[in-house]
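Thank you all for coming.

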Amino acid sequence: MAQQSPRYLWIGCADSRVPANEIVDLAPGELFVHRNVANLVVHTDLNCLSVLQYAVDVLKVQDIIVTGHYGCGGIAAALAGSSFGLIDNWLRHVQDVRDHHPEELAAAGPNAADRLCEINVLEQAFNVCRTTIVKDAWDRGQKLAVNAWIYSLADGLVRDLSFCATGEVDSGKLRQEALRKLTVG
Ligand code: CO
């Protein structure tokens with residue numbers, strides 16, 4: 001293949017146990033990938049934004065998939081307030097998510113870390129929706145869906161977190177509904 005034309009952009013964790021292509025069983029050329037610790041989409045992260053912009057504007061991917069995973073070390077460290085050096089600054093973003101959802105985390109009891117993994121994916125997927133890149137794509141009528149998934153190291157399965165935004169209007173509502181489903185479940 002002279003030029004890549006992947007249909008999907010994967011935004012996932014840097015964890016060595018969650019290799020993007022293997023999880024979704026896609027061949028080279030089919031998946032454009034950005035990974036960082038705790039699969040974060042930070043509005044000032046030029047690296048992530050550049051991947052997103054190139055994927056949407058140039059490659060014209062049709063699906064963006066933000067995938068978290070249970071047992072994420074970054075999420076666990078953020079939840080516990082553990083210190084590992086410079087990375088603590090990056091994980092402050094996860095702590096912001098934690099601090100925005102005290103009730104959901106309290107309700108999860110001993111499963112708070114896994115719940116934070118889920119909530120974090122939803123918030124990052126919502127962050128993708130709020131970038132100028134995705135908003136502009138939707139404004140000009142480009143077909144583009146933003147999805148939130150979570151992967152389990154224990155059973156090797158990917159779970160859909162009921163967030164699939166195809167336009168700016170529905171993304172906020174979808175976020176609320178998806179968060180409610182986690183809280184009830
Ligand atoms: Co992780």
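In which helix is the place of E118? E118 sits in helix α6, which covers residues 112-129; helices here are DSSP runs of H or I with at least four residues, strands are runs of E with at least two, and both are numbered from the N terminus. Before I go on, please keep in mind that this is a predicted model, in which local features need pLDDT of at least 70 and side-chain atom pairs count only at pLDDT 80 or more, while totals for chains, interfaces and linings use all residues. Residues are numbered from 1 along each chain as its sequence is written, and side-chain values use heavy atoms, with hydrogens and water left out.

Back to E118, then. With a relative accessible area of 10%, E118 is buried, where buried means under 20%, exposed means over 50% and partly exposed lies in between, using a 1.4 Å probe and protein chains only. Leaving aside residues up to four places away in sequence, E118 touches Y70, I150, L161 and L182, and contact here means heavy atoms within 4.5 Å. Of these, Y70 is 48 residues from E118 in sequence, yet the two C-alpha atoms are 7.9 Å apart in space.

Let me turn to the metal. The cobalt ion has as its protein donors the SG atom of C13, the NE2 atom of H69 and the SG atom of C72, at 2.0 to 2.3 Å. Donors are N, O and S atoms within 2.8 Å of the metal (3.2 Å for Na, K and Ca), and since water is not among the atoms, sites may look incomplete. Along the chain these donors follow the spacing C-x55-H-x2-C. The two cysteines link distant parts of the chain, for C13 belongs to strand β1 (residues 8-13), whereas C72 is in the loop between β3 (63-69) and α3 (73-80), 59 residues away. Are these two cysteines buried or exposed? C13 is buried at a relative accessible area of 6%, and C72 is buried as well, at 3%.

The strands come next. Five of them form an open sheet in the order β2-β1-β3-β4-β5, with mixed pairing; two strands pair if DSSP finds at least two bridges between them. The edges are taken by β2 (31-36) and β5 (158-165), each of which has a single partner strand, so one side of each is left without a neighbour in the sheet.

The structure holds one aromatic pair. The rings are those of F32 and Y54, with centres 5.9 Å apart and planes at 40 degrees, so the pair is tilted. For the terms, rings of Phe, Tyr and Trp (its six-membered ring) pair if their centres lie within 6.5 Å, and planes under 30 degrees apart count as stacked, over 60 as edge-to-face and the rest as tilted. This pair also links distant parts of the chain, with F32 in strand β2 and Y54 in helix α2 (residues 46-58), 22 residues apart. F32 is buried at 16% relative accessibility, whereas Y54, at 34%, is partly exposed.

In the loop between β2 and α2 there are two residues to look at, A38 and N39. Most residues other than glycine have a negative phi. Phi of A38, however, is positive, near 70 degrees, and phi of N39 is positive too, near 40 degrees. A38 is buried, with a relative accessible area of 0%, and N39 is buried at 2%.

Finally, how many disulfides does a search of the whole structure find? The search finds zero, a disulfide being a pair of cysteine sulfur atoms within 2.5 Å. C164, for instance, has its closest cysteine sulfur in C129, at 9.4 Å, which is too far for a bond. C129 is also among the residues touched by S171, which lies in helix α8 (residues 168-184) and is buried at 3% relative accessible area.
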